[in-house]
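Thanks for making the time this morning.

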Amino acid sequence: MPITYKTEQDAAGMRIAGQLASEVLDFLTPHVQVGVTTDQLDALAHDYIVNVQQAIPAPLNYAPGGYSPYPKSICTSVNHTICHGIPNDKALKKGDIINIDITVIKDGWHGDTSRMFMVGEASIAAKRLCAVTYDAMWKGIAMVKPGIRLGDIGHAIQTFAQGLGFSVVREFCGHGIGKGFHEDPQILHYGSPGTGEEIKAGMVFTIEPMINAGKRDIKEMPDGWTIVTKDHSLSAQWEHTVLVTPTGYEVLTLSTGSPAVPSFVSASA
Ligand code: MF3
Ligand code: CO
Ligand code: CO
């Protein structure tokens with residue numbers, strides 16, 4: 001899909017979709033507990049999106065070229081699962097970390113966001129991975145303004161994460177988003193400053209770094225969707241949908257349950 005530039009009216013639609021996606025995570029938060037299955041989280045999210053929000057869970061039956069239709073309404077990626085984990089009947093255990101990725105469609109507009117959750121008390125290493133990945137996402141978001149290039153975003157994320165001893169997954173990236181789930185451009189979470197497409201006001205895209213505690217290499221599972229770390233190390237991911245404004249950016253996927261913006265992000269954006 002080509003890059004689309006959103007009008008103020010389009011942005012208003014995307015603001016609603018983005019907030020709804022984030023509110024699904026708020027709604028799920030108290031349910032992310034020892035003993036709950038990811039199928040139960042999927043069912044809760046599905047019913048909330050369809051019945052309360054009167055929106056559409058975008059993943060359900062999503063079938064981009066070469067993929068079989070995605071069978072569930074959300075993605076649940078536990079521990080060494082990097083992304084696109086399919087909800088199942090396995091219960092969460094104490095110390096698990098889980099990424100829950102929500103995409104809703106409201107009035108034709110997509111909102112896409114994910115957060116990490118820790119089940120009970122997680123290990124120090126797991127907490128650190130989740131925190132570093134959150135900050136890595138914000139290092140990328142904080143770069144966003146007209147005139148910078150996509151490589152500037154990737155470079156900010158990559159240098160931050162690698163500088164702390166973590167690795168960045170290369171095979172999956174952020175993406176333009178709008179009436180389409182995955183539009184151009186691709187937003188790589190690694191790169192060189194001053195390279196790539198120039199960012200312009202009206203673009204909307206996601207920033208969603210996947211950061212591994214071990215090596216960056218991935219493995220695809222036989223279900224055709226689930227991506228895990230090849231070395232079985234833990235992986236984390238956070239995602240926001242961001243609108244490029246004339247002076248900087250606006251994060252569209254915020255709600256009352258969103259964690260605080262890191263202190264290194266300037267308030268002026
Ligand atoms: N929400 C994911 C993303 O951030 C895409 C999931 S596609 C699915 O781009 F089919 F697995 F849901
Ligand atoms: Co996304
Ligand atoms: Co997502």
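E9 and E14 pair in the antiparallel sense over four bridges, where two strands count as paired if DSSP finds at least two bridges between them, and where helices (H or I, at least four residues) and strands (E, at least two) are DSSP runs numbered from the N terminus. Within this pair, Phe-205 stands opposite Val-242 in E14. Please keep in mind that this is a predicted model, in which local features need pLDDT of at least 70 and side-chain atom pairs count only at pLDDT 80 or more, while totals for chains, interfaces and linings use all residues. Side-chain values use heavy atoms, with hydrogens and water left out, residues are numbered from 1 along each chain as its sequence is written, and chains are lettered from A and ligands numbered from 1 in the order in which they are written.

In a regular strand the side chains alternate between the two faces of the sheet. Both faces of E9 are covered, with Val-204 and Thr-206 buried on one side and Phe-205 and Ile-207 buried on the other; buried means under 20% relative accessible area, exposed over 50%, and partly exposed in between, with a 1.4 Å probe and protein chains only.

That brings me to the nonpolar cores, each a set of buried Ala, Val, Leu, Ile, Met, Phe, Trp, Tyr and Cys residues joined through side-chain atoms within 4.5 Å. Of the 33 residues in the largest core, Ile-153, Phe-205 and Ile-207 touch the most other members. Helix H3 (124–141), helix H4 (150–163) and the strands E9 (204–207), E14 (240–244) and E15 (249–251) each supply at least two residues of this core, and H3 gives the most, with nine. Setting aside residues up to four places away in sequence, Ile-207 touches, among others, Met-137, Ile-153, Ile-187 and Trp-238, contact meaning heavy atoms within 4.5 Å. A second, separate core of 20 residues includes Val-24, Tyr-48, Ile-49 and Ala-55.

Next, an open sheet of three strands has the order E6-E10-E13, with antiparallel pairing, and its edge strands, E6 (167–168) and E13 (235–237), each pair on one side only. Two bridges join E6 to E10, residues 210–212, and the bridge partner of Val-168 in E10 is Ile-211. H3 packs on this sheet, touching E10 and E13, and its direction makes about 35 degrees with that of E13; axes are lines fitted to C-alpha atoms, for helices over the stretch in contact, with angles from 0 to 180 degrees between N-to-C directions.

What lies in the segment after E15? Phe-264 is found there, and it is called partly exposed because its relative accessible area is 34%. Leaving aside neighbours within four places in sequence, Phe-264 is in contact with Asp-135, Trp-138 and Lys-139. The C-alpha atoms of Phe-264 and Lys-139 are separated by 8.4 Å, although the two residues are 125 apart along the chain.

Another open sheet of three strands has the order E3-E12-E11, again with antiparallel pairing. Three bridges join E11 to E12, residues 227–229, and Lys-219 stands opposite Val-228 in E12.
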